[in-house]
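Here is a short briefing to read with the model open beside you.

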Amino acid sequence: MSETVLEVGLDNIKGIGPKITQKLIDGGIDSVLGLAVALPKEIEEILGGKEESASKLIMSARKQLESQGLLGKEFVLASEVLQKRKNMKRITTGSNKLDDLLLGGIETQSITEFFGDFGSGKTQICHTLCVTCQLPLGQGGLEGVTIYVDTEGTFRPERLVQIAESKGLDADEILKNVVLCKVYNSSHLELIVRGLSRFIEKYNAKLLIVDSIISLHRAEFIGRGTLANRQQRLNRLVHRLLRLAEIFNIAVVVTNQVQSKPDTFFGDPTRPAGGNVIAHACTYRIYLKKSGPQRIATIVDSPCHPYSDTRFQVTENGVEDISSPLKKKA
Amino acid sequence: MEITMQTATEALKENRGKLKLTTGQGDLDSLIGGIKQGDFYLFYSSNQKILDHLLHRILVNCILPIEQGGFDSKALYFNTCNYHQGKTLLNPSNLATIAKSARIDPKIVFQNIYAISAFNERQQITTTKEAAELVKKDEDVKLVAIHNLTRFIKTSRTPSKARQIVKQIIGIWKRVTSKRGAALVATCSASRAGRGRMPKPVGGTYLRHEANVVVLLMGATKGESSSVKATLVKHPYKKTPQSIVLYVPKESVTLTGHMTPSFRQQFQKLIEELKESSAFQNTLISREHKKAFDLLLKDAWSAEDVAMANSGIPCVMDALNLMANVHNKKCVEELRQKLQELESVLKENLEKKEEESI
């Protein structure tokens, strides 16, 4: 489906002339798919008309894709969904224990969020996924390219070389199949996510990593006065990512920072940043904690996973299982 | 704004082309891997003297030529201080002493450092914006050093507001320095921690998330000598936490004193420099070559070779010899493995023949 979905031009839709086409292209929407997944408010902003007419355009774009069999139907039977989920692929994290926790690895068609304090292994998991995503299908990979959106400046290609060599892979090939995009501010991030469909198609990407999703918004939107605006923009961003994951059948991994809750007297005071917006939008939520040389991963939110946790370690070889279990205190 | 994507191979090339600034301490350099362009380094300590000296030293080093571990460029010093409580600007006498010890004219140092100060949180944000504009305009500025970034969180009447301003400032500096390819070095004080717990930097979780490298410096005075314990708390690719101890003479808890590094330090520094040179990185890209290099390194650490290595930095011929040696060692290792395999096959065949004869 994804091979031809972007090739359908805007001219194929009734009611769109050359002027409107040009306006949409200038606004960053250059395909019927882009129009079908856009929000009415965005189209209204680009075209300057009423929200109703924008909704009509979006609906006709959806119908066009549905009629060509390029977009799934709105109402489908649970049996069809089950069949679709059977075709879903998973990427190994490098640790069997962590894979077991995620029931086989990182899923496609969904957003997996890793959050935790600094040094808890979020970026290390992302780096390992860049390598494991390129493994053959039988070995837990997707044989595909990774797009790495770096907002914190933490991407280190040297680390990819280390991990690839430890797995006996050709480091040069691995590096060629990881595409990096550096982001400098929140508007830039939003622009990139808006235009990502083109790059996913161009590079035949199978995994999209955003490290981290909240960093730039957290620095730019200061105070309660800007909170509502920040959350709305974040909401739009995360939902766009979710749509990309579903349409292109890719896995989306995002990392999230934590914040301390000062009014917590007992228990863990750390909470993921981004509030309820990110909490609701992400399909899977995994909390990473540091425990000496080991890391603890806990499933916090998932539609199908049981609430459980596991331990793994981060070494020169990337994410892997613990070599020797901790000795119990007498 | 354009969307620019690059492959990791291109990113690796770009990363290797980045300059590294020395902190003035070989051990500290090897712990953090030097101060790299475009990265954010956070040093924190409960002893402000240590941070002060470190920052002064880094500022002087930035002006040094590239061959001496500097950036050969200008630096910007941003001081965050309470006018009524602490010092106001740079300490010129300290800076001059360090410059002389680094064999550079103090005048050149003074001419190449921009010094800006903020006395409260409101001033902090406005001056940061102005200073950021300055860095954007002056392409020669390759280092931004911020002294006690989070001071106003403690001293402000509205700490929550000061905390939010710090977030904004970090965002501005990170954006500007990563675009300009300048290094960002900030210091802050350490919070009080319980027994057996590592102190955290004052400034909240956001600061810890944003910094690429976080180092805790702790001073201790025992007997006749004082020492500074540096603990690597966060690093993008090194194991954390790991610590080293920097010994300094008593009554001057500084990182600026003249120190003769041990041979082992010089040796390790030399090996690291070799590993980082582009010619070697291209040679060591294959796993076999890397293994061969490590084996050679083990051999080199014998008494005779140490005496030879102590003669100084290898010249071009030495480097070429070493590269040839690495290649030879790799070939020898491959042949040895093949021989082992052939021997095992031969053994199996002989055993089979014996069985058949029986």
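**Where chain A meets chain B**

In β1(B), the bridge partner of Leu180(A) is Gln6(B). This is a predicted model, in which local features need pLDDT of at least 70 and side-chain atom pairs count only at pLDDT 80 or more, while totals for chains, interfaces and linings use all residues. Residues are numbered from 1 along each chain as its sequence is written, and chains are lettered from A and ligands numbered from 1 in the order in which they are written.

**The contact overall**

- Chain A brings 38 residues to the contact and chain B brings 33 residues; two residues are in contact if their C-beta atoms, placed from the backbone, lie within 7 Å.
- Among the elements of chain A that each supply at least two residues to the side touching chain B are α8 (157-166), β5 (178-182) and α10 (186-194); helices (H or I, at least four residues) and strands (E, at least two) are DSSP runs, numbered from the N terminus.
- The biggest giver to that side is α8(A), with five residues.
- The side of chain A that touches chain B has 17 nonpolar, 12 polar and nine charged residues. Here Ala, Val, Leu, Ile, Met, Phe, Trp, Tyr, Cys and Pro count as nonpolar, Asp, Glu, Lys and Arg as charged, and the others, Gly among them, as polar.

**Strand and helix pairs across the chains**

- β5(A) pairs with strand β1 (residues 6-7) of chain B in the antiparallel sense, over two bridges; strands pair if DSSP finds at least two bridges between them.
- The axes of α8(A) and helix α1 (residues 8-16) of chain B come within 8 Å and cross at roughly 120°. That angle makes α8(A) oblique to α1(B).
- Axes are lines fitted to C-alpha atoms, for helices over the stretch in contact, and angles run from 0 to 180 degrees between N-to-C directions. Under 35 degrees counts as roughly parallel, over 145 as roughly antiparallel, 65 to 115 as roughly perpendicular and the rest as oblique.
- Pro157(A), Glu158(A) and Leu160(A) of α8(A) meet Ala8(B), Ala11(B), Leu12(B) and Asn15(B) of α1(B).

**Within chain A**

- α8(A) also packs with helix α7 (residues 122-132) of chain A, at an angle of about 55° and with the axes 9 Å apart.
- In this second pair, His127(A), Thr128(A), Cys130(A) and Val131(A) of α7(A) meet Arg159(A), Leu160(A), Ile163(A) and Ala164(A) of α8(A).
- Strands β3 (residues 111-116) and β10 (residues 284-291) of chain A run parallel, joined by five bridges, and Glu113(A) has Arg285(A) as its bridge partner in β10(A).
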